[in-house]
Amino acid sequence: MRALLADIGGTNARFALLEAGAVSAPCILPVAGYPTAEDAMAEALRRLKPAGRIDRAVLALAGPVLEEPVRMTNADWSLSSTAIAERFGLSRVRLVNDFLALAHALPHLAPADLHRIGGGQAVATAPMLVLGPGTGLGAAGLVPSPTGPIAVPTEGGHIGLAAETAREDAVIAGLRARCGRAGAEQALSGRGLVNLHAIVAALQGAEVPERDPAAILDAAGTCPVAAETVTHFLAFLAGFAGDMALAWGARGGVFIAGGILPRMLHLMDSPRFRAQFESKPPMRHWMADVPLAVVTHPAPAFAGLEALARLTAD
């Protein structure tokens with residue numbers, strides 16, 4: 001079997017080859033640099049240089065995969081498995097949600113791929129949950145079954161955001177005014193950082209330059225607005241992760257993936273984050289047993305894509 005694997009987000013598309021029983025280093029292309037997904041695939045194949053004919057592809061997409069063509073949530077691409085198969089001469093093309101691929105990756109992640117936050121002991125027969133802020137906010141569960149684990153993609157990133165303090169109430173009111181509603185993704189994503197930064201600047205009455213997410217993180221050590229922005233981002237993320245853990249019964253562990261949090265670990269107060277994750281009275285004791293980790297592997301979806309490609313080959 002020789003397969004093309006892809007993890008396509010709102011900002012970057014990552015492609016790799018599964019051949020000779022191993023996954024290649026990914027080729028990373030900007031989504032905005034290509035008019036269609038097929039054009040990006042053609043360029044990726046040119047760069048990856050497969051040793052022989054590719055016969056199948058498994059593509060993970062940032063958005064709900066319900067019917068084709070699949071339209072991505074945060075990018076101007078739509079994908080059809082039939083059109084892709086015809087253009088590249090493939091026998092099988094499978095389109096899946098990107099967090100479904102991440103869920104399939106969870107059993108294959110090594111301790112070195114994770115940054116543990118606090119204690120907890122995984123229950124082998126309980127669901128696992130992966131969520132993550134990036135261009136958007138995704139979530140998926142991996143649920144045990146007698147025939148093997150079942151990955152369940154969700155649109156949990158669009159649930160309402162909850163406040164725990166009066167200051168957070170004010171921030172959420174600002175989100176509502178700025179975005180129309182205070183959904184979790186409006187705060188917990190790249191554009192969410194930008195939203196929070198603008199709202200905090202208004203609350204502080206501070207004149208600060210507009211900043212992109214990277215600039216906000218860079219300024220967090222010196223700028224009070226950026227520092228408070230990061231504080232709210234982490235607090236909202238911890239609370240959201242805890243809420244999702246309760247909703248899923250995720251005693252198999254909660255894993256935070258996505259491109260943002262690994263870049264914020266130096267700014268995180270891990271004991272505080274863990275306390276905010278667990279602060280769900282009267283369920284604090286239940287939450288204390290849930291393992292929590294940040295996925296630090298640079299391309300974790302490919303472990304899940306490889307598993308899906310092998311299932312597709314069976």
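A disulfide is a pair of cysteine sulfur atoms within 2.5 Å. The structure holds 0 disulfides. This is a predicted model, in which local features need pLDDT of at least 70 and side-chain atom pairs count only at pLDDT 80 or more, while totals for chains, interfaces and linings use all residues. Residues are numbered from 1 along each chain as its sequence is written, and side-chain values use heavy atoms, with hydrogens and water left out.

Cys223 counts as buried because its relative accessibility is 9%. Here buried means under 20% relative accessible area, exposed means over 50%, and partly exposed lies in between (1.4 Å probe, protein chains only). Cys27 is also buried, because its relative accessibility is 9%.

Two packed helices are described by the angle between their axes and the distance between the axes. Helix α4 spans residues 166-179, and helix α5 spans residues 190-204. Helices (H or I, at least four residues) and strands (E, at least two) are DSSP runs, numbered from the N terminus. The two helices pack at an angle of about 115°, and their axes are 10 Å apart. Axes are lines fitted to C-alpha atoms, for helices over the stretch in contact, and angles run from 0 to 180 degrees between N-to-C directions. The crossing of α4 past α5 is right-handed. A crossing is right-handed if the near helix is turned clockwise from the far one by less than a right angle, and left-handed if anticlockwise.

Contact means heavy atoms within 4.5 Å. On the α4 side, the contact residues are Arg167, Ala170, Val171, Gly174, Leu175, Arg178 and Cys179. They meet Val194, Asn195, Leu196, Ala198, Ile199, Leu203 and Gln204 in α5. These residues divide into 9 nonpolar, 3 polar and 2 charged. Ala, Val, Leu, Ile, Met, Phe, Trp, Tyr, Cys and Pro count as nonpolar, Asp, Glu, Lys and Arg as charged, and the others, Gly among them, as polar.

Leu102 sits in helix α3 (residues 98-105). It is buried because its relative accessibility is 11%. Beyond four places in sequence, Leu102 touches Val130, Ala257, Pro300 and Ala301. Leu102 and Ala257 are separated by 155 residues in sequence, yet by 8.3 Å C-alpha to C-alpha. Ala42 belongs to helix α1 (residues 37-48). Its relative accessibility is 29%, so Ala42 is partly exposed. Ala42 touches Arg87 and Phe88, not counting residues up to four places away.
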